[in-house]
Structures are given as C-alpha cells and as structure tokens.
Amino acid sequence: MSTADPLPKARRPRAFSFAGCAGTLMLAFATSAAAQIVPPHGDEIYRPKAGQSGKDVMWLGTSEKLVAAMLRAAKVGPTDQVVDLGAGDGRIAIAAARDFGARAIGIEYEPPMAELARRNAERAGVANRVRIVTGDIFREDFTAATVVTMYLLPELNLQLRPQLLAMKPGTRIVSHAWTMAEWQPDELIRGESMDAYLWIVPARVEGRWTITEVNGSASATVDIVQRFQRIGGTITIAGETQPLLGAFVSGPELGFTFVDRDGGLKAVRLTVDGDRATGNSRLDEWAVPLQARRVRG
Ligand SMILES: C[S@@+](CC[C@H](N)C(=O)[O-])C[C@H]1O[C@@H](n2cnc3c(N)ncnc32)[C@H](O)[C@@H]1O
C-alpha cells in the first residue's frame, strides 16, 4: 500500500497547523486570501464586501486565475454538471459554463448574494446554463454533480466529506485552500497565495473479490484493504497468496499487477460498478477478459 504524500512539505495545507483554533483559522483565511481578492463583482444593486459574514463561512472570492486552474485540473467539459458549494457572486459557476461549456449550479445561502450571482450569470450570457439556488449546502441535494467546487473551511470540508465520498466514483472535488484531513488530495493546484486541491471520488473496493476469466475457468481471490483512494491487498491463485503490486483505485477504475505462475507480470484492470466489475488481465499484448464479484464487503 502506498503511503506517499503527494504534497511537498513546504506546501502542506495550512489546515493541519491551525486545527482546533477556529479564530486563528478565520484570521489566516481572511488575511492570506485578501491578497487574491479580485475587484468585487458587485453591481449598482448589491456590492458585497470581502470578509462579510455568511451562514457558516464569510464571503471571499476565488481569484479568476485560480478559478480557471481549479476547473482545468478537474477537466471540466460540456458534459459536466458543476456545483459550487457556497457560490458567492457566482464566479466559479459562471466560469464553468462560460469558459468550459459545462452546466453549473451555485448554492448560496445569502439571498442578496444569490441574486447578484444570478445577475452576473445574465451579464455573462450564461443564465441558460447556470442556476443559482438560494439555499443551504447542508440541505440541498447535489448528488447529481460530476464536479463539486468549494471554498469553505476545514471543518466544513470534514462535515461534507462523508457525502462527497458517497458520490458517484469518478466525481471530481476541488477545494480552494482547505483539505479533507486524511483523505489526501490526488492533485495539488498551486495558487498565488493559497493552493487548491483535487480529489477523485474512489469506488469502494474494499473486501474479498472473486475474479474469473470470462471465457475460461481460471479464477482468483483478491482481498483488498482500502483507506480512501489508497489500497493494498493480496491475490490467491490455486492456494498460493501473494501481495498485489502497484494496486490503485481511481474513480471506478481498479488496477493491480501480480506475478503469474510462469513468473510473468500480469496487469489487471477492472471497472467497478457496485459489487461487480469487468475488465481484463494483460500479459504483453495478450488481453484476457475478466469478470469479478465482491463476495465479502
Ligand atoms: C469563501 S466564499 C466562496 C465564494 C465562491 N465559492 C468563490 O470561491 O468565489 C463562501 C460563500 O459561502 C456562503 N455560505 C456560507 N455558509 C453557507 C451555507 N451553509 N450554505 C450556502 N452558502 C453558504 C457565503 O455566503 C459565501 O458567499
């Protein structure tokens, strides 16, 4: 099982050092983010102030540059449904629609802010693809999203974590500034003052799987231990057990390599759908179709 930390020490999320100190955390949030505030996207009707209070977190806007980097890292495209949790003036939802062709929803608790976001979407010419919901991120249903963006607080990220992990495998989550504790990010997105982080929701693959050849009789038992997207385990063939090599889960994709009985390395790739999976094993150019079933959760 890999325990590699993808984040260089100097860029480790500030969340860890401020854990348990909400006041300091809010101050750090406000001061380090202040450097990247872009001119307010207010209008003659409503002009929000950086740092103004919100229900669970204050308003601060993500810089245009970081918004673009976050959406690029998430590989947002026309087939995506992006949901920004705590949408502020709507800039992330608007950029997702305007610059990446996605459909987007912004959930914002404060009515004047939500109304401003709607007017901003009109002005940007994307009102047909951007919906701003006046609501609470802890009450609204966003399970249909393929990409979730957020700029909240570490404790809010943690509160949302079970819901995010239960989303469809492959859903991309991007958080400006804050991490998800031991659910390590898959990618670091460097910002000018604060970074952002990308996670890909992993399929739940833990447990015992029976893998069989579709056109043959060979079978194997695979036991997997999983912590978020980190996995490890063993494969047992004809009573002989060996560790999985290079095991990974990325969205719905499960992969590992093992040493075949003739000493060759075989790479297995499966697409997981609940308790079933299909794919193949490969030795050089030779691919053997496989099917798998979870027999113990
Ligand atoms: C830091 S701002 C981020 C705005 C925007 N996502 C961005 O990155 O530019 C957080 C926003 O969340 C809103 N907010 C706070 N608590 C909320 C809640 N429970 N439900 C919905 N929105 C909330 C605040 O009003 C604020 O506009």
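An oxygen atom of the ligand sits 2.6 Å from an N or O atom in the side chain of T62, a polar contact (a pair of N or O atoms within 3.5 Å). This is a predicted model, where local features need pLDDT of at least 70 and side-chain atom pairs count only at pLDDT 80 or more, while totals for chains, interfaces and linings use all residues. Residues are numbered from 1 along each chain as its sequence is written, and side-chain values use heavy atoms, leaving out hydrogens and water.

**Around the ligand**
- The ligand is surrounded by 24 residues, each with a heavy atom within 4 Å of it.
- The closest are D56, T62, D84, G86 and E108.
- D84 places a polar side-chain atom 2.9 Å from a nitrogen atom of the ligand.
- For Y109, a polar backbone atom is 3.2 Å from a ligand nitrogen atom.

**Helices α3 and α4**
- The axes of α3 (residues 64-73) and α4 (residues 91-100) come within 10 Å and cross at roughly 60° (axes are lines fitted to C-alpha atoms over the stretch in contact, with angles from 0 to 180 degrees between N-to-C directions; helices are DSSP runs of H or I, at least four residues).
- α3 contributes E64, V67, A68, M70, L71 and R72 to the contact, and α4 contributes R91, I92, A95, A96, R98 and F100 (contact means heavy atoms within 4.5 Å).

Note on methods: Helix = DSSP H or I, 4+ residues; strand = E, 2+ residues; numbered from the N terminus. Polar contact = N/O pair within 3.5 Å; in protein donor to acceptor, adjacent residues only side chain to side chain.
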